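This report concerns helix packing, nonpolar cores and strand pairing in one protein model. The sequence and structure are shown first.

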Amino acid sequence: MNYNFREIEAKWHKKWAEEGTYKVTEDGDKEKFYVLDMFPYPSGAGLHVGHPLGYIASDVIARYKTHLGYNVLHPMGYDSFGLPAEQYAIQTGQHPAITTEENISRYRQQLEKLGFNYDWSREVRTSSPEYYKWTQWIFIQLYNSWYNEKTNKAESIDALVKAFETNGSYAVDAAIEKEWYKTLDLSQFAFGEYFAGEFTATDWEVMNDEQRELILAHYRLAFLSDTWVNWCEELGTVLANDEIKDGLSERGGHPVEQRLMKQWSLRITAYADRLINDLEKLDWPDSIKEIQRNWIGKSRGASVSFTLENYNDKIEVFTTRPDTIFGVTFMVLAPEHPLVAKITTANNKDEINAYVKQAMARSERDRQSDVKTVTGAFTGAYAKHPFSGDLIPVWIADYVLAGYGTGAIMAVPSGDQRDLHFAGTFDLPVVNIFEGIELTKEAYSEKTGKLQNSGFLSGMTVEKATEEVIRELEAKGIGYGKTNYRLRDAIFSRQRYWGEPFPVYYENGKPKLLSESELPLTLPKVDKYLPTESGEPPLARARREDWPIFKGDAMECNTMPGWAGSSWYFLRYMDPNNKNALVAPEKVDYWGAVDLYMGGAEHATGHLLYSRFWTKFLSDRGVIPFDEPFKKMVNQGMILGRSSIVYRLELNSYMIPGLDDDPNLPSPKSFPEIFVTREIYLDWEKDQKVNEFKYNVEHRLGTLLHELLPEEFQMDLSNTFWEYTFSALHVDVSIVHNDELDIPAFRKWRIDYEDAVFILNENEKYKCGHEIEKMSKRWFNVVTPDSLCEEYGADTLRMYEMFLGPVEQSKPWDTQGISGVHNFLRKFWRLFYNEKGEFDVSEGQASKAAMKTLHKTIKKITEDLERLSWNTVVSACMIAVNELITEKCNNKKVLETMLILVSPYAPHFAEELWEKLGNSTSISKAPWPKYDEAWLKDSEFDYPVSFNGKMRFKLSLSTELSKEEVEKAVLETEDAAKYLEGKSPKKVIVVPKRIVNIVV
RNA sequence: GCCCGGAUGGUGGAAUAGGUAGACACGCAGGACUUAAAAUCCUGUGACCAUUGCGGUCGUGCGGGUUCAAUUCCCGCUCCGGGUACCA
């Protein structure tokens, strides 16, 4: 009987579902193992063969761990809020929930075909109200929390209120904007304009609730503020920094500009330090850790205040090189800096205004692409150097970013290339503060050497001077040591429809939160999924009665970003249907953090950072018992498409001597499309074998002309002159087999190709070229798992994807190669059958050779799975089967054990034969075999014998021999004598059971 | 520019502790079976030289080094991929 994969796979899908084979429950007797796949967004395009790569790898590990006796949680669900469904809704008016539902069911079907051991009863989707109820709940917790710098934890707002009641703000050390009180409307408060952020318990006591709330709002981890945001006009929404690439939106590539808008933000910056430090405990790829480190961008330095001449205001700057302070010869403010308007002198007003206007008009992208040109303008104001007292001019320039540090810098042209460049352009002075360094065009930014021209810092090293100057700044009260982060607070509002509504309403313009019992706040009905005429988000279209709950004067009309739901989904899988809690404590205690996370590296600065942030927050607030979500992570590489190319001949003109001017000659445009085989194209491209290819082509063109030309022109065509080139076009890979074009299918593919003419190779075949590029509809190179399951079966596909190479590497897809794996399964299958096609296995003891093969394979596969080397396991299986065929082994015990070994890769195949062997329980529950060293012991070892490191011959010797005995045995051979050529060896190295090397 | 990865036959890749480079597959070539094709099976397949046989030389991006021995360790480059980019 043949290996009928279609029947087998359908049978087991049904059986597994009916019997609930992969259902998991919390089982305290077993050790848990949590394997997680990166949350897919169910796109309309469905899956191509690249998508399941990580899912297969994790499924193999999940199954392997189950065999080892672990209780394995391996769930799947969907990140189902998002832009594409909404864009589709805008175009068609169809509710995004409908599209989403369709896409999910398509995904589910595709995934089910592959035979994953997901516990589907735990499936979650972020867009279902039962799920986003808890996303909203987490938002409420964030809103009701502040970050205590003393305990280095998020704590409840109630605790903060208690602290204020006892000691006012004095004993509180919170993560909060440095000058938060400046944005406070002080007219509402009793303490008047002297208020500098600190208040007493009495102050607090006399405040009314509204006043208190105004203050508390600045402490909350979820807060409303006017922020410079990345506004994308085309998408009608703001974008987070990680949603922008090269100044354009990641989705769609639309331009992005800076805008000041009132937005909900999350205080991720409070966690910056922990997010960096805890990377050390994670077993993640170094590259991802490095990307996160750079993204958070921790830098140490000092904050320094410069007093302004003639104004009370100060300019505060952040610098990583406070030691270079004596090199400051000017200061630069960002054009958006609040002091610019105030300090600009009358004489400079016009120039400054013009510059600010121009800088604001430039998009982020323009600014970036034009780094070389230095622009700026002088404000006319001067600051005072804190040590020398010298007056230093204050400039504005757009190379200083409003959003980083304080939006102002102290410029040290001798130590910073940009500052030197600026000084050069505007003819500003340069003081060389580095001993023994020649300043020419390059600033000196190394941290070695000694300082000069630096007052009390002269003669010191960078390290010493940094220490000294910070001490001095702190003593004078004009600065302090400071750590700065590149990471910004996370903007949490999106002007979209298809996302989680905020559990927020407004009363007198002040935000109020719904109570937990009112959750979930579901999405209201709207007439269109577009912004309103006045530019408000789509939710503003909902009328009062469209909202399930309407409170206050207005509901919040923004929705949460895509990463809200995906930041905590791994928790919900533990307890997907819990109505009373995000996850029950006993369940989260049992399952704990994810042990193995498979996913792409593209989420390094988005999802992976936000998940870590939320996990830390939930841990701080006692909701979960761990503070890192994913202990170990493996990034799967991309599977690239292998596009097929056909070569079209572009006939520009031709000329028949004597007839060339006749207007009745058919023009090249009336010719059918002409395609040449790859060989001819390559000849043309390389300009080789010119004659041969020319003959091929022009002979063919001549024939064509014969067919097309009216009788009266049928004269001597042999002297026709042709002018042509070729163009390479993509062709659908489904009509190309083994690089050979299926011509009838090609003619049907496009209407214009119906009458196409083909110039073939010497074997009368049309060979296509190929190109490795991203798998995409656009290149007609998409290969779907569905078509491969149909042709070869899921088990073959699973094994082949693993066989391609290390999962973390990107590699091209080659459908050809799949036959090797398919063949392997068929050979394996045949081991269970005799020549007559009857199922036939033998009982009793297997041969020594078969036992050796088996135990060697158990050892190899176990070790490879432990080090997550998925691809080499497949090779090991192939080697084993090849050996068992040679050994003519049909021993039941051996084959049964072999089935367990392949079952993580080919579960349907293994189940079927396992059942045929008489087992009644699923193979997925069978214990993993252990290898027995006794079968692996060799009495002989085939020593490779090298002379000067070059292997010359092999010699089989007993493994019992000592080094000396091996040496003696080798030197006694005729072969050795031959290579020694009568000389005596200088040295003989013997590594037992490895190698013999003779130095001559 | 800066940071991080990578480079092995025609192709995907293997070599886990410095110890036989190219396992296992694909592809290709030849053969068997067949009226024929498909399927299957067998043989060969890094390059070059030799070929009647034995065999020999080179070879893991390039150049050097350490070592009895280097795809593996060290130094200096080249190219490719990813991240980031006026971050003070």
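## Helix packing

H25 and H29 lie roughly parallel to each other, a term that applies to angles under 35 degrees, with over 145 counted as roughly antiparallel, 65 to 115 as roughly perpendicular and the rest as oblique. The model is predicted: local features need pLDDT of at least 70, side-chain atom pairs count only at pLDDT 80 or more, and totals for chains, interfaces and linings use all residues. Residues are numbered from 1 along each chain as its sequence is written, chains are lettered from A and ligands numbered from 1 in the order in which they are written, and side-chain values use heavy atoms, with hydrogens and water left out.

The axes of helix H25 (residues 818-830) and helix H29 (residues 907-916) cross at roughly 5° and come within 12 Å. Axes are lines fitted to C-alpha atoms, for helices over the stretch in contact, and angles run from 0 to 180 degrees between N-to-C directions. Helices (H or I, at least four residues) and strands (E, at least two) are DSSP runs, numbered from the N terminus.

The contact of H1 with H29 has five nonpolar, two polar and six charged residues.

## Nonpolar cores and a buried aspartate

The largest nonpolar core contains 90 residues, and those with the most contacts inside it are Phe828, Phe832, Trp870 and Phe909. Such a core is a set of buried Ala, Val, Leu, Ile, Met, Phe, Trp, Tyr and Cys residues joined through side-chain atoms within 4.5 Å. Helix H27 (residues 870-886) gives the most to this core, with nine residues. A second, separate core of 72 residues includes Leu282, Leu487, Leu519 and Tyr610.

Asp59 lies in helix H2 (residues 52-67). Asp59 is buried, with a relative accessible area of 0%; buried means under 20% relative accessible area, exposed over 50%, and partly exposed in between (1.4 Å probe, protein chains only). Apart from neighbours within four places in sequence, Asp59 contacts His74, Gly115, Phe116, Asn117 and Arg798.

## Strand pairing

Two strands pair if DSSP finds at least two bridges between them.

| Strand | Partner strand | Sense | Bridges |
|---|---|---|---|
| E10 (residues 298-308) | E11 (residues 314-319) | antiparallel | six |
| E1 (residues 32-37) | E21 (residues 596-599) | parallel | three |
| E5 (residues 222-232) | E9 (residues 257-266) | antiparallel | 10 |

E10 and E11 form a hairpin with five residues between them, and Asn310 in the turn has a positive phi of about 75°. An open sheet of four strands runs in the order E2-E1-E21-E22 with parallel pairing. Strands E2 (71-73) and E22 (633-635) stand at its edges, each with a single partner strand, so one side of each is left without a neighbour in the sheet. The twist averages 15° from one strand to the next.

Terms used:
Contact means heavy atoms within 4.5 Å. Ala, Val, Leu, Ile, Met, Phe, Trp, Tyr, Cys and Pro count as nonpolar, Asp, Glu, Lys and Arg as charged, and the others, Gly among them, as polar.
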